[in-house]
Amino acid sequence: MLKFLAKRLTATVVVIGLISISVFLIFSYLPMDPAALTCGKACNPVVIAANRHRLGLDVSVPVQYGRFVKGLFVDRTWGEGAAKFSCPAPGFGYSFNRHECVTQLIKEAFPVTFSLAIGSFILWMLLGISFGIVAARKQGKWQDKAATAFVVAGVSLPVFVTALLTLLAASKLGLVNPIEFGRWVSPFTDPIGWLKTFYLPWIVLALFSSASYTRFTRSNVIETSSEDYIRTARAKGLSEKVILRKHTLRAALAPLLTLAGIDFAVLLGGAIFTETIFNLPGLGRLSINAVLTDYDLPVILATTMLAATLVVVMNLIVDVLYAYLDPRVRVG
Amino acid sequence: MSQLAATGEELLIDAPVIQRTQRQIAWGRFKRNKVGVLAGCVALFFVALAILAPLITRLLGVNPTDTYPKALDPYAMPIGKFGGISMAHPLGVEPGAGRDLLSLMLYGSRLSFSIGALASVVTIGAGLLIGVTVGYFRGWIDAVMGRIIDFLLSFPSTFLIIALSLPMTQRIEAMGIARDNNARVIVLVIVFSFFGWPYWARLFRSQTFSLRERDFVMAAQALGASSRRIVTKELLPNLWPTVIVFLSLSLPGFLGAEAAFSFLGVGVQAPASDFGLVLSDSINFWRNDPTYLIIPTVYLLVIVLALNLLGDAIRDALDPKASPS
């Protein structure tokens with residue numbers, strides 16, 4: 001187990017390193033000049049050159065990358081004298097458009113995205129798995145057909161359309177307060193306000209994602225139900241409830257873990273469409289604003305890397321958990 | 001008892017042997033699936049509308065770039081109920097600028113279908129090529145490609161598509177390949193394909209793995225067939241059903257994605273129009289003109305739903321495990 005863990009951990013670190021290098025390279029060779037973008041109205045070559053030096057862009061790309069990585073672990077400063085500013089470690093760089101350390105921006109946005117992700121994740125797992133079980137148990141009956149209709153609708157509806165329709169329906173019913181709309185409150189200081197902000201986006205994301213989980217659970221439960229050991233359990237005289245809970249579901253839901261882990265990680269990286277429509281100041285909106293308003297490269301770089309890292313790390317966690325849960329997966 | 005046996009024998013003797021090809025079996029199965037046939041007809045109808053968009057708009061005497069200020073009241077809202085639906089404007093008029101909504105939908109779906117179809121063909125094509133190659137040759141090529149596929153799949157594609165669409169469009173314009181919306185369409189197809197193929201390559205790889213162990217491939221190898229012959233004559237013909245299923249399932253996904261990105265403002269831009277652009281505009285008017293929101297929503301949903309149901313029906317019809325009745 002330890003050897004497996006060490007191997008997977010090394011691979012994860014390598015992949016994260018590769019992703020950060022490629023993202024850095026992609027953004028370094030874009031035809032955008034951050035030095036020109038930040039220089040404002042009174043622009044001349046001297047100012048641009050000074051800006052370039054101040055932003056640390058006057059050195060080669062590998063050196064820039066080296067400084068970026070170093071900034072993750074030790075404090076980093078830009079510029080000299082009066083125009084000096086620094087970001088404490090772990091630093092993802094400095095946003096010159098918003099005049100703030102990127103880490104600070106991410107720190108502000110992450111709780112929003114996390115709240116959105118955790119709530120909808122719980123909701124969609126509950127919905128998806130229970131619909132799937134009901135559909136599998138009532139195969140061919142109306143419950144099954146209703147679940148199939150739900151799956152087709154859920155898979156077909158793009159999430160931004162669902163979000164839009166839900167939002168409009170809710171505001172028609174007077175459920176949306178335009179002043180409080182998308183307002184971030186901590187669940188620790190104002191739990192009711194937190195629920196008010198998030199319940200609609202939770203429902204939207206949950207409806208969208210639970211469809212594929214319903215399909216998956218249904219087919220897995222049906223498949224597992226025809227296994228010999230389920231027949232044995234039934235022959236032993238166990239009640240249907242116990243068979244379902246202790247035998248069928250255990251085998252049928254284990255493969256869901258991989259899917260759920262990745263989906264959760266993707267969501268933690270920022271739900272761009274849901275956050276945009278519900279006006280939530282999370283990671284997704286942070287990055288889309290960085291692209292659409294001023295092409296704020298350090299922010300785009302940081303959110304992209306963060307999202308990729310979350311997926312890779314979650315992959316590792318899922319693999320380890322899976323090896324732990326499923327005795328059939330041999331590690332060594 | 002003997003009666004039954006007798007009739008059984010009689011049936012065996014009298015019934016003429018009907019030989020049916022795989023295609024006929026699949027078609028027969030598809031025809032019996034009412035939902036699938038209906039979805040197919042609906043999908044065909046909308047594809048035809050998109051292809052015939054110039055003809056239809058000319059017949060109706062409307063143009064997607066023309067404005068119809070006479071159909072708007074002084075507050076720039078459509079005159080008449082349901083967003084100004086009338087004989088001249090069957091789906092109503094756009095509030096604000098006053099363009100004809102039907103022509104916007106027709107040309108919008110034309111654009112969406114083009115992007116979706118191109119991206120689907122490129123994605124599935126690349127996935128098939130790479131999947132079959134690594135699945136057949138295995139060894140180091142498979143190990144290397146497997147790493148690359150894992151790597152690309154863990155990339156946050158949505159973020160990168162948003163971040164790269166603007167600079168890539170500028171670069172394509174600077175290179176003089178295409179301008180404005182043509183450049184944006186090319187960029188969308190490129191980024192969709194670039195991040196899309198690994199998923200399909202993985203599926204084709206596993207399909208090839210199981211195919212290459214089958215007896216007919218082994219027989220071909222024993223007869224001394226070249227790798228090229230085995231791939232093109234033995235493996236590919238057996239993968240066509242999968243290709244058709246994947247194509248029909250990926251098209252609606254791309255239609256939704258195209259709408260979503262242009263909704264965010266990183267897809268095509270005015271004066272062109274598509275579902276995403278109309279939907280993002282309709283948010284400003286939904287209180288006074290809900291029809292303007294509902295029509296593009298329903299139009300998009302019906303297309304995506306029909307294509308998804310059609311894809312499912314095709315998959316069921318081509319499923320070798322199903323009974324050949």
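Tutor: A salt bridge is a side-chain nitrogen of Lys or Arg within 4 Å of a carboxyl oxygen of Asp or Glu. In this predicted model, the structure holds ten salt bridges over all chains.

Student: What makes the pair Asp319(A) and Arg8(A) a salt bridge?

Tutor: The closest N and O atoms of Asp319(A) and Arg8(A) are 2.6 Å apart. The cut-off is 4 Å, so a pair with that separation qualifies. The pair links distant parts of the chain, with Asp319(A) in helix α14 (residues 297-325) of chain A and Arg8(A) in helix α1 (residues 2-28) of chain A, 311 residues apart.

Student: Why is Asp319(A) called partly exposed?

Tutor: Its relative accessibility is 31%. Buried requires a value under 20% and exposed a value over 50%, so a residue in between is partly exposed. Asp319(A) therefore counts as partly exposed.

Student: What is the salt bridge between Arg202(B) and Asp150(B) based on?

Tutor: The side chains of Arg202(B) and Asp150(B) meet at 2.5 Å, N to O, and the limit is 4 Å. Arg202(B) is in helix α9 (residues 180-212) of chain B, and Asp150(B) is in helix α7 (residues 139-153) of chain B, 52 residues apart. Arg202(B) counts as partly exposed at 39% relative accessibility, and Asp150(B) counts as partly exposed at 33%.

Student: Which residues are joined into one network by salt bridges that share partners?

Tutor: Arg137(A), Arg234(A) and Glu240(A) are joined in that way.

Student: How many salt bridges does the rule find across the interface of chain B and chain A?

Tutor: The rule finds zero salt bridges there. The count of residue pairs in polar contact between chain B and chain A, both at pLDDT 80 or more, is one. On the side of chain B that touches chain A, the residues divide into 25 nonpolar, seven polar and four charged.

Student: What is the extent of the contact, in residues and in buried area?

Tutor: The contact takes 36 residues from chain B and 43 residues from chain A. The two chains bury about 3200 Å² between them, 82% of it on carbon and sulfur atoms. In chain B, the residues that lose the most area to chain A are Phe159(B), Leu264(B) and Trp286(B), together 19% of what that side buries. Helices α8 (157-174), α11 (227-264) and α13 (290-318) of chain B each supply at least two residues of the side that touches chain A.

Student: Why is Thr303(A) called buried?

Tutor: The relative accessible area of Thr303(A) is 2%. The threshold for buried is under 20%, so a residue with that value is buried. Thr303(A) is found in helix α14 of chain A. Leaving aside neighbours within four places in sequence, Thr303(A) is in contact with Leu283(A), Leu286(A), Ser287(A) and Phe159(B).

Student: How is Val266(A) classed by accessibility, and why?

Tutor: Val266(A) counts as partly exposed because its relative accessibility is 47%, and exposed would require over 50%. Val266(A) lies in helix α11 (residues 256-268) of chain A. Val266(A) and Leu105(A) are 161 residues apart in sequence and 19 Å apart in space, C-alpha to C-alpha.

Student: What is the phi of Arg138(B), and where does Arg138(B) lie?

Tutor: Phi of Arg138(B) is near 50°, also a positive value in a residue other than glycine. Arg138(B) is found in the loop between α6 (101-137) and α7 of chain B. At 33% relative accessibility, Arg138(B) counts as partly exposed.

Methods:
Residues are numbered from 1 along each chain as its sequence is written. Chains are lettered from A and ligands numbered from 1 in the order in which they are written. This is a predicted model: local features need pLDDT of at least 70, side-chain atom pairs count only at pLDDT 80 or more; totals for chains, interfaces and linings use all residues. Side-chain values use heavy atoms; hydrogens and water are left out. Contact means heavy atoms within 4.5 Å. Buried area is the accessible area (1.4 Å probe) that two parts lose on being put together, summed over both. A polar contact is a pair of N or O atoms within 3.5 Å; within protein, one must be able to donate a hydrogen and the other to accept it, and residues adjacent in sequence count only if both atoms are side-chain atoms. Helices (H or I, at least four residues) and strands (E, at least two) are DSSP runs, numbered from the N terminus. Ala, Val, Leu, Ile, Met, Phe, Trp, Tyr, Cys and Pro count as nonpolar, Asp, Glu, Lys and Arg as charged, and the others, Gly among them, as polar. Buried means under 20% relative accessible area, exposed over 50%, partly exposed in between (1.4 Å probe, protein chains only).
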